[in-house]
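Here are a few exercises to work through with the sequence and the 3D view side by side. Try each task before you read its solution.

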Amino acid sequence: MHKTIVFLAIQLTVATTCSAQNTSPSKHRIFAGTGEQVLNTAVYPPGTPAGPAVQLAIGNPFGIEFSENSVWITSVDDHCIYRGKPDGKTFKRIVGNGLIGYTGDGGRAEEATFNWPHEVRADAAGNLYIADTRNHVIRRVDASTGLVTTLAGNGRPGLAGDGKRGAEIQFRQPHSVVLDGEGGLLIADTVNHRICKIDIATGVLQTISGTGEKKLPIDGKPSLNSPLAGPRSLAVDKDFIWIALREGNSIWRINRKTNTIHHVAGTGEKGYTGDGGPPKEATFKGPKGLVLDDRGRILVVDTENHAVRRIDLSLNRVDTVLGGSKSEETFPLKRPHGIAYKKGLGYLVADSEHHRVLLGN
């Protein structure tokens, strides 16, 4: 009897330990990717790659987007975009043929080539807007036809565009796009240190913030005349445009009614300090993603600190929630980038150089 009890105790201990390792993190799990880097040298056959998200090799995932029933993930190893359902059961390549380039406008999106597509956004009709970063353009995929076109930019890096449209516009590595809910597409024109807005109906571009100088803005000043130090990621709600400054190592927001810019978090210095304290006194290192959750808290992908941090303005507090100082109790991260949030599911973050996407809540 005694041996049986000991045996059962050992079984329980092993099962508990294995369970703790398998769920090791109680609130986080792998959503997509096998951890394999993708080194593609040929055009993908039609209908591939495809399969369950956790069995799909997604090399260097960067951008993530949710709609009501879909998830999109961009991959910069093979310059493609994958779409699936929030349950992760099936994912499929829908944009890009697997090779680097700038071809295919007017044709099927899955036959076109891209060059480091950093972010993707979907409108209510399912049309996609893509920051084709190293081609220096913004491209659009029509939901009804599946055809890809260039919405703005001409493939050459430069600085041009206020009052212009289409190929008259020039960007220099646009990294982030977001729909503003008012018929506009906001663009983080990162290396030009500006944020632009394209009127989707007319295609006309206007600058809404940034002077071209790589400097931190001054709190409370008009956004149009304020410098920006590497605007890298954007998010919007009804009141604000939220901005992660990569070179500025800080988070800011533009008041959409007053068109003034305001400091949210980060001193501007590189570092990894301040958890548990006021966001403005914390330090970040090259933040490259941000999103708001359903409680209005800001999730920041603090890329070079290999962490996701959460800013709660109601508590005047910043904390690490994934990676970084919480790596042992969650998951270690390696240069994460994009992040998206869906109420009832949680957030997805691109753990880029681990070649996977993680789900957290």
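**Exercise 1. In which loop does P49 lie?**

Before we start, two ground rules. This is a predicted model, where local features need pLDDT of at least 70, side-chain atom pairs count only at pLDDT 80 or more, and totals for chains, interfaces and linings use all residues. Residues are numbered from 1 along each chain as its sequence is written, and side-chain values use heavy atoms, with hydrogens and water left out.

Step 1: P49 sits in the loop between β1 and β2 (50-51). Strands here are DSSP runs (E, at least two residues), numbered from the N terminus.
Step 2: Most peptide bonds are trans.

**Exercise 2. Which residues have a positive phi although they are not glycines? Look at H136 and N316.**

Step 1: H136 has a phi of about 60°, and its place is in the loop between β8 and β9.
Step 2: N316 has a phi of about 55° and belongs to the loop between β21 (307-312) and β22 (317-323).
Step 3: Compare their surroundings. H136 is buried, at 11% relative accessible area, while N316 is partly exposed, at 44%. (Buried means under 20% relative accessible area, exposed over 50%, partly exposed in between, using a 1.4 Å probe and protein chains only.)

**Exercise 3. What is N135 in contact with, leaving aside its neighbours within four places in sequence?**

Step 1: Find N135 in the loop between β8 (128-132) and β9 (137-141). N135 is buried, with a relative accessible area of 7%.
Step 2: Look for contacts, meaning heavy atoms within 4.5 Å. N135 touches G101, Y102, F114, N115 and G155.

**Exercise 4. Which residues have the most contacts inside the largest nonpolar core?**

Step 1: A nonpolar core is a set of buried Ala, Val, Leu, Ile, Met, Phe, Trp, Tyr and Cys residues joined through side-chain atoms within 4.5 Å. The largest one here has 20 residues, and F91 and L348 have the most contacts inside it.
Step 2: Elements giving two or more residues to this core are β1 (28-32), β3, β4 (71-75), β5 (80-84), β24 (346-351) and β25 (356-360).

**Exercise 5. How many aromatic pairs does the structure hold?**

Step 1: Rings of Phe, Tyr and Trp (its six-membered ring) pair if their centres lie within 6.5 Å; planes under 30 degrees apart are stacked, over 60 edge-to-face and the rest tilted. The structure holds 3 such pairs.
Step 2: Take F31 and F91: their ring centres are 5.9 Å apart and their planes at 85°, so this pair is edge-to-face. The pair links distant parts of the chain, with F31 in strand β1 and F91 in strand β6 (residues 91-95), 60 residues apart.
Step 3: F31 is buried at 2% relative accessibility, and F91 is buried at 2% too.
Step 4: Next, F240 and W242 have centres 5.6 Å apart and planes at 65°, so they are edge-to-face. F240 is buried at 16%, and W242 is buried at 2%.

Definitions and conventions. Helices (H or I, at least four residues) and strands (E, at least two) are DSSP runs, numbered from the N terminus.
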